[in-house]
Amino acid sequence: MSSSTDQSGLSRRAMLGVVGGAGVAVGVAGASIAYGPQGTAHAADVDGPIEFYGEHQAGIVTPAQDRLHFAAFDLITESRDDLVALLRAWSEAAAQMTAGRPAGATGAVDGHPAAPPDDTGEALDLPPGGLTLTIGFGPSLFVDAEGRDRFGLADRKPEALAELPHFVGDALRPEISDGDLCVQACAYDPQVAVHAIRNLARIGFGKVSVRWSQLGFGRTSATSREQTTPRNMMGFKDGTNNLKAEDTALLGEHVWVPEGEGPAWMAGGSYVVTRRIRMTIETWDRTPLGEQETIIGRTKGSGAPLGGVKEFDELDFGKAGADGTPAIPMQAHVRLAHHSTTNGARMLRRGYNFTDGSDGLGRLDAGLFFIAYQRDPRTGFVPVQLNLASDVLNEYIRHVGSGLFACPPGVKGPGGFWGEGLFG
Amino acid sequence: MNAPHNRLMIGGALAATVALALAGCGGDDAGGGETPAGNEIAVTATDTECTLSKTDLTTGNYTFAVENKGTQVTEFYVYGPDDLIVGEVENIAPGLSRKLTVPLKSGSYQGTCKPGMVGDGIRQTLTVTGDDAAAADDAELAAAVATYKQYVATQADELVTLTGQFTEAVKKGDADEAKRLFPLAREPWERIEPVAEIFGDLDPIIDGREGDVPEGGEFTGFHKLEKDLWETKDISKSGEMADKLLTDVKEIAEKAKGAELTAAQVGNGAKELLDEVASTKMTGEEDEFSHTDLWDFNANISGAQQAIEALRPVLAARDAAFLGTLDTAFKNVNDTLAQHRKGDGWKLHTELTDADLKELSDVINALAEPLSHVGAKVLPTQ
C-alpha cells in the first residue's frame with residue numbers, strides 16, 4: 001500500500017456517506033486510474049477505484065493487481081428469472097464494491113440493529129484497492145452434461161465455448177474444475193478481494209452454490225508495460241512476453257471478441273481459461289540451476305532469453321549456443337509456448353501464485369493459478385497447450401483444475417447488468 | 001447444541017435482558033405475548049358472581065387471571081360485539097386458577113363466567129378506549145407468540161415423556177430399546193432448542209458434546225449416554241446419569257414453558273435452528289457416536305417451520321413476497337431431506353455421500369439467509 005486510508009480519504013465508510021454514485025467516486029479519487037474507451041490503463045494506483053462500467057469488463061486488461069480470489073459457481077435454481085435476478089443483484093453489488101462502497105442498501109453498519117447487515121463488513125475502512133470483478137459463463141450454463149437446455153440459452157452458446165480437449169498429463173479433479181459461472185476478484189488488498197467474493201456468494205445463496213474457489217497471493221503476469229515482471233513459484237519471471245494493455249491493436253486481434261464473430265451478446269467480451277497448475281515444488285528445487293534455465297529457456301536472474309542479454313530481448317530461436325545446439329533448446333517452455341510455434345496463438349495471461357498450505361506429506365500445495373483471456377480458446381489456449389505436450393516442464397507440474405468461461409462485454413452503466421445481452 | 005457455550009450464554013443473557021426490559025417498561029409489551037403487570041385483571045368466579053378487578057381499559061393485551069372460588073367447574077369468556085368470542089378458557093375446576101391473554105381493541109366487551117359451563121353466564125361489561133392501530137399490531141404479534149408458546153409447551157411435555165422412556169430403557173439395561181429411543185427423545189428437544197438455550201446453564205449439561213466439556217468438568221446428558229450405548233457399549237453403570245438427565249430435562253421443560261418471548265425472538269429462534277443444522281448436523285458432530293444426526297436435522301427444520309407458522313399472519317401482512325421465499329426454501333429443504341428417509345427414520349450421517357451433504361448444505365443456506373431477516377421483520381411497528 002503506498003498510502004494509508006486516512007491520506008486517500010477513500011475508506012468505504014466515508015464513501016458511503018460522501019459519494020452518491022460510482023461516477024462520482026471516480027471524480028473523488030484524484031489519483032485513480034483513468035480509463036479510455038478501450039479499457040486501457042495508465043499507472044496503477046493501489047488504493048483508488050477502478051471503473052466498473054464500460055465497453056469491456058474491467059479485470060482483463062486492467063494492470064494485474066497483486067491479489068486474487070477466483071470463484072466458480074453452480075446454479076442450483078432451474079429458473080431463468082432467478083438467474084437474471086442474480087445477475088442484476090450481483091452487478092449492482094459489484095458496482096458498489098468496486099467503487100469502495102459496502103454492498104447492499106444499508107451496507108455493513110447502517111441497517112436495522114435487529115437484522116443481519118447487508119454487507120459483511122471486513123472491508124470497512126479499507127480503500128477501494130483497485131478491486132475489479134469479472135464474470136464469466138461456463139459451457140454448462142447453456143447446455144448441461146445431460147444435454148439439457150437449462151435456461152433457454154442453448155441457441156446462444158458460442159461455438160468458441162467448446163469443451164477443452166484432453167491434454168497430455170492432465171490430472172483434472174472435477175470438484176475443482178468447471179462451473180456454470182465464475183467471478184474473478186482482483187485487488188491490491190487480499191481482504192478486499194475476499195470480501196467481494198464472500199458478499200457475492202452470500203447474495204447468491206439459494207440461486208448459486210460455490211463449486212470451488214481459489215486464492216492467489218501474488219500476480220505472475222505483467223499486463224502493462226508500467227509493471228515489472230513478477231516471478232512464479234519456480235522462481236522465474238513469468239509473463240515477460242505477455243500481451244500488454246498498451247498493445248491496443250494486438251488486444252483487438254487476440255483478446256476482444258469483435259462484432260459479428262459468434263453470438264452478438266459476446267461482442268466486446270473475451271474468453272477465459274483457468275488452470276490450477278500444481279507444481280512439484282520440492283523436485284523442482286532439487287534441479288540444478290542450469291537445467292532449470294534450459295527447461296524454461298530463460299535465465300533465472302534477469303529473465304533474459306538464453307542467448308540474449310536483457311529480459312525483453314527478442315527470443316532468437318535460430319541462435320546456436322556454445323556447443324552448436326540451439327541456445328533455446330527445442331523442448332524449452334518459451335519455445336513451445338511462443339506464438340511463432342503455435343500458429344500465431346496469443347493470450348493475455350493474468351495468473352496468480354497460490355499456496356493452499358501443505359498436502360499432508362509435508363510438501364507445499366502450491367503452484368500457478370493460470371488465467372488467460374483470449375478472443376477464441378480454439379485458436380488461443382488450445383493450440384498452445386497441445387504444443388506443450390513435449391514440454392520438459394511437465395515433469396514438474398500437474399494441471400489439476402480447469403475452467404472455461406465466456407466473459408460478456410462490460411456493463412454500460414447503472415441499471416444494466418452482467419450478460420444483459422444474453423437475455424435480450 | 002451449538003459448539004461454543006459462550007454464545008449460548010450470551011444469547012440467554014440477552015433474552016433475559018429483553019424480557020426484563022419489557023416487563024419494566026409497563027405500558028407497552030410489544031409483541032411479547034404476555035402482558036405487563038398493569039394489564040393483568042383478576043377475575044374471581046363463584047357459583048353466583050363474576051368479579052373483575054378492572055373494567056375501564058385502554059387498548060392492548062390483557063391477561064385475565066381467573067380463580068374459581070365456586071363449587072362447580074367454570075369457564076371464562078371474553079365476548080366482543082354480537083357475542084363473538086374474543087377468547088376463552090375452559091374447564092376451570094373449583095379451587096383452580098387459569099389465565100387467558102387476549103388483545104383488546106377499542107369497544108365494548110363482556111367478561112363472562114359460566115359456572116357449570118352452561119348458559120349465557122354471568123357478565124361484566126368491559127369498556128376499552130385508545131389507539132386501535134397500535135393495538136392491532138400488538139395483538140397480531142401477541143397472537144403469534146401465544147401460538148408459538150403453545151407449541152413449545154407441547155414439545156416440552158413430549159420431551160419429558162420420551163426422555164423418561166429413554167432413561168427407563170437405559171436403567172433397565174435394555175441397550176437396543178435405548179438406542180431406538182435415543183434419536184426420538186432428542187426430536188422435541190431439537191425442535192425447541194433455542195428456547196432451552198435461554199437457560200444457559202442447563203443446555204450444556206443436557207446436550208453438551210464431549211468436546212464441549214471444560215477441562216476438569218463432567219461429561220453429562222444425552223451425549224454421555226449416547227457414548228455409553230454406542231462407543232463404550234456398557235450401560236451397566238449409566239443409571240445415575242440417566243436419572244440426572246431426566247431431572248434436568250424436567251427442569252428445563254418447565255422453564256421453557258414459562259419462558260417470556262417476543263415475536264422477534266421467535267423469528268430469531270428459527271434462524272438459530274438453521275445455524276444448529278449448518279454447524280453441527282451437517283458435519284455429523286452432533287451425534288458423533290450414534291450418527292443419528294438426521295433426526296436432529298429434521299427436528300430443527302420442523303421447529304423452525306413451526307415458528308414461521310406462528311408468525312405467518314404477521315409476515316403475510318408485512319411482506320407476503322418474503323413469506324413466499326421462505327415457503328419455497330422450506331419446501332426445498334424438506335424435499336431434499338426426504339430423499340434420506342429410511343423406514344420410520346433416517347439414514348445415518350455416515351451413509352451420506354459428500355454430494356448428499358453438499359446438496360443439503362445448499363438448500364440450508366438458501367433457507368437460512370432469508371430466515372435471518374425474520375426477526376427484524378416482526379418487530380413492533382411502534
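Colleague: Let's start with Thr161(B): how does it count by relative accessibility?
Modeller: Thr161(B) counts as partly exposed because its relative accessibility is 46%, where buried means under 20% relative accessible area, exposed over 50% and partly exposed in between, with a 1.4 Å probe and protein chains only. Before we go on, this is a predicted model, in which local features need pLDDT of at least 70 and side-chain atom pairs count only at pLDDT 80 or more, while totals for chains, interfaces and linings use all residues. Residues are numbered from 1 along each chain as its sequence is written, chains are lettered from A and ligands numbered from 1 in the order in which they are written, and side-chain values use heavy atoms, with hydrogens and water left out.

Colleague: Where is Thr161(B) found?
Modeller: Thr161(B) sits in helix H2 of chain B, residues 132-172; helices (H or I, at least four residues) and strands (E, at least two) are DSSP runs, numbered from the N terminus. Between Thr161(B) and Ala146(B) there are 15 residues in sequence and 23 Å in space, taken C-alpha to C-alpha.

Colleague: And H3(B), where is the kink in it?
Modeller: The kink is at Leu181(B), shortly before the proline Pro183(B), and comes to about 30 degrees, the bend being the angle between axes fitted to the seven residues ending there and the seven starting there. Among the buried residues of H3(B) are Leu181(B), Pro183(B) and Trp189(B).

Colleague: Which domains is chain B divided into?
Modeller: Chain B has domain 1 (5-20 + 137-377) and domain 2 (40-130), with bounds from an automatic or database domain assignment. The C-alpha centres of these two domains of chain B are 37 Å apart.

Colleague: Switching to chain A, how many helices and strands are there?
Modeller: Chain A has 12 helices and 10 strands, and of its 424 residues 55% are buried.

Colleague: Is Asp376(A) buried or exposed?
Modeller: Asp376(A) counts as buried, because its relative accessibility is 11%. Asp376(A) lies in the loop between strand E9 (364-374) and helix H11 (381-387) of chain A.

Colleague: What does Asp376(A) touch?
Modeller: Leaving aside residues up to four places away in sequence, Asp376(A) touches Ala160(A) and Tyr271(A), contact meaning heavy atoms within 4.5 Å.
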